[in-house]
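Here is a briefing on one protein chain. Please look over the sequence and the model first, then read the points below.

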Amino acid sequence: MRKIAIFASGTGSNTQRIIDHFRGNKDASVALILSNNPAAGVLGIARKEEIPYIIIDREKFFQSNYYLQLLKENNIQWIVLAGFLWKIPTELIDGFKGKMVNIHPALLPKFGGKGMYGAKVHEAVIQSGDRESGITIHLVDEIYDHGKIIFQARCPVSPEDDANSLAKKIHELEYQHFPKVIEELMDSKI
Ligand code: GRF
């Protein structure tokens, strides 16, 4: 059984899709959810799904190996970042090399980097005049939104789109692809 830990800071709609995807799977499961935000919707999902969760302590996260040890002690093999807003410390990245995956709501390498999250990404895409956007699923390295790209999917940006309507299209793409890509990655099919 491969155990996945999901890190999320917000609503957790992707987290819900990932949990649903792996429900009943004999080979992989979402074993732990971690959030930096005690008010995050994703914690309600963890409670409802009866998945253990942890609210991350900032100092322990950035100043020690506490969470790396905790994840290893709990036999977590894969980390999925699903809307997690803190930068991951180098030790944690090194401890999960090639086994930590992030989703970004645009076509990297454009519209990524520090501060590029949520509506800001979609506003920047619209401002740019680009006629398409999409999602990028990539491995995590020590630079924001920079690791090896493993999957992208595209959608059109129409002249009528605002950040809200574009966010909806992007979320649909995320729900359609993210859980499957995680599974394929774990099965080494990518
Ligand atoms: C997603 O759009 C993802 O691309 C980004 O953060 C958002 C998380 O949304 N990294 P949700 O919390 O899964 O609804």
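The accessible surface of the chain comes to about 9,600 Å². Carbon and sulfur atoms make up 50% of that surface. The model is predicted.

**Overall build**

- Read along the sequence, the pattern is β-α-β-α-β-α-α-β-α-β-α-β-β-α.
- The radius of gyration is 16 Å, close to the 16 Å that the globule rule gives for 190 residues, so the chain is as compact as a globular protein of that length.
- The C-alpha trace spans about 50 × 35 × 30 Å along its principal axes.
- Buried residues make up 49% of the 190 in the chain.
- Of the contacts with a separation of 6 or more, 65% come from residues 24 or more positions apart.

- Strands of a sheet pair through backbone hydrogen bonds, which may run parallel or antiparallel.
- Strand S5 (residues 100-104) and strand S6 (residues 132-139) run antiparallel and are joined by 4 bridges.
- In this pair, Ile 103 stands opposite Ile 137 in S6.

**Salt bridges: Glu 49 and Arg 23**

- The count for the model comes to 8 salt bridges.
- One of them brings the side chains of Glu 49 and Arg 23 together, at 2.9 Å from N to O.
- This pair links distant parts of the chain, 26 residues apart. Glu 49 lies in helix H2 (residues 41-49), and Arg 23 lies in the loop between H1 and S2.
- Is Glu 49 buried or exposed? Its relative accessibility is 16%, so Glu 49 counts as buried.
- Arg 23 is partly exposed, with a relative accessible area of 48%.
- Both residues belong to a network of salt bridges that links Asp 20, Arg 23, Lys 48 and Glu 49.

**Salt bridges: Lys 110 and Asp 130**

- Lys 110 forms a salt bridge with Asp 130, and their closest N and O atoms are 2.7 Å apart.
- The two residues sit in distant parts of the chain, 20 residues apart. Lys 110 is in the loop between S5 and helix H6 (119-128), whereas Asp 130 is in the loop between H6 and S6.
- Lys 110 has a relative accessibility of 44%, so it counts as partly exposed.

**Salt bridges: Glu 132 and Arg 154**

- The side chains of Glu 132 and Arg 154 meet in a salt bridge, at 2.7 Å from N to O.
- Glu 132 is in strand S6 and Arg 154 is in strand S7, 22 residues apart, and the pair links distant parts of the chain.
- Glu 132 is partly exposed, with a relative accessible area of 36%.
- Arg 154 is also partly exposed, with a relative accessible area of 49%.

Definitions and conventions: Residues numbered from 1 in each chain as written. Predicted model: local features only at pLDDT ≥ 70, side-chain atom pairs only at ≥ 80, totals over all residues. Heavy atoms only, no water. Pairing = 2+ DSSP bridges. Salt bridge = Lys/Arg side-chain N within 4 Å of Asp/Glu carboxyl O. Buried < 20%, exposed > 50% of the residue type's maximum accessible area, 1.4 Å probe, protein only. Rg over C-alpha atoms; globule rule 2.2 N^0.38 Å. Contact = heavy atoms within 4.5 Å. Areas by Shrake-Rupley, 256 points an atom, 1.4 Å probe, with all protein chains shown as cover.
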